[in-house]
Amino acid sequence: MRQARQTATEPRRRPKQERSRERIDAILATTMRLIGEKGIDAVTMKEVGALAGGPIATVYHYFPSKSAILAMLYERFSEESRARFGAIIADIRGVDDVTAAADRLLDDYYGRVAADPAIQDLQNAIQADKALQHLDIAETRHQAQMFCGRVAPMLKPKQREAFGRVVFLIFQLAGGVVRLALTQDEAEGRRTIEDYRSIIHAQLRLFLQACPNGRHPRA
């Protein structure tokens, strides 16, 4: 079952030549544009092929299904997210920096999703597709581990496992909170984000107030 799921959501082949990379980039860019214009459900492989400058056979040459295209789009979104994420948490050098970094991460994620309807629809599609949900969970786990890797050395050893669990939950729930906020009017959506921010602060405070030292060992 696991192997079947991976096969259905992975590209048929990874590009090695420049021409192949250009074709895949065109397919991905076209799909993302169509998602933003008409929503994921209305996008077809045939239309993607036609607008990307080739027959549908070209699309199927690289991707076995629309889910496989979505998986690669999400992979690229995640790569960019990790780069932005890494730049933010690199500024964590002491206890006082942790909450500020969490605020920046929440605001950056909310801003990116709010600014691009295609990203919103891609996120919703990943959540709705059972074959793709594991991608989002795996990425959340990876980012939570990155955050914990930066903060955990400041904590008492006995706190670190619990801290990791809480951070993973905070990160995983953030997607749902942002999606909820984007269905609300601007004022209510902002209140939703601020309420979640308060929850994050409270949870972090439980660990940070007991830190044995306030500096990151690599600072």
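A helix here is a DSSP run of at least four residues labelled H or I, while a strand is a run of at least two labelled E, and both are numbered from the N terminus. With that in hand, take a look at the predicted model above. Count up the elements and you get 10 helices and zero strands. Walking along the sequence, the pattern reads α-α-α-α-α-α-α-α-α-α.

Now for the protein as a whole. Of its 219 residues, 43% are buried. If you take the contacts with a separation of 6 or more, 74% of them link residues 24 or more positions apart.

Let's zoom in on one pair of helices. Two packed helices are described by the angle between their axes and the distance between the axes. Helix H6 covers residues 95–115 and helix H7 covers residues 117–128; they pack at an angle of about 105°, and their axes are 5 Å apart. Angles of 65 to 115 degrees count as roughly perpendicular, so that is the word for how H6 and H7 sit relative to each other. Which residues of H6 and H7 make the contact? On the H6 side, they are Tyr109, Arg112, Val113, Ala114 and Ala115, and on the H7 side, Pro117, Ile119, Gln120 and Gln123. Sorted by class, this contact has six nonpolar, two polar and one charged residues.

Next, head for the inside. The largest nonpolar core has 62 residues, and Phe63, Phe147 and Phe163 are the ones with the most contacts inside it. Helix H5 (residues 66–89) gives the most to this core, with 11 residues. Pick out Phe147 and set aside its neighbours within four places in sequence: Phe147 is then in contact with Phe85, Ile89, Ile92, Val98, Leu105, Phe163, Val167 and Phe171.

Finally, have a look at the loop between helix H8 (133–151) and helix H9 (160–183), where you'll find Gln159. Is Gln159 buried or exposed? Buried means under 20% relative accessible area, and Gln159 has 12% relative accessibility, so Gln159 counts as buried. Leaving out its neighbours within four places in sequence, Gln159 is in contact with Leu206, Phe207 and Ala210. Ala152 also lies in the loop between H8 and H9. With 14% relative accessibility, Ala152 counts as buried too. Ala152 and Phe163 are 11 residues apart along the chain, and 7.7 Å separates their C-alpha atoms.

Technical notes:
Residues numbered from 1 in each chain as written. Predicted model: local features only at pLDDT ≥ 70, side-chain atom pairs only at ≥ 80, totals over all residues. Heavy atoms only, no water. Buried < 20%, exposed > 50% of the residue type's maximum accessible area, 1.4 Å probe, protein only. Contact = heavy atoms within 4.5 Å. Axes fitted to C-alpha atoms, helices over the stretch in contact; angles between N-to-C directions. Parallel < 35°, antiparallel > 145°, perpendicular 65-115°, else oblique. Nonpolar A, V, L, I, M, F, W, Y, C, P; charged D, E, K, R; others polar. Core = buried A, V, L, I, M, F, W, Y, C linked by side-chain atoms within 4.5 Å.
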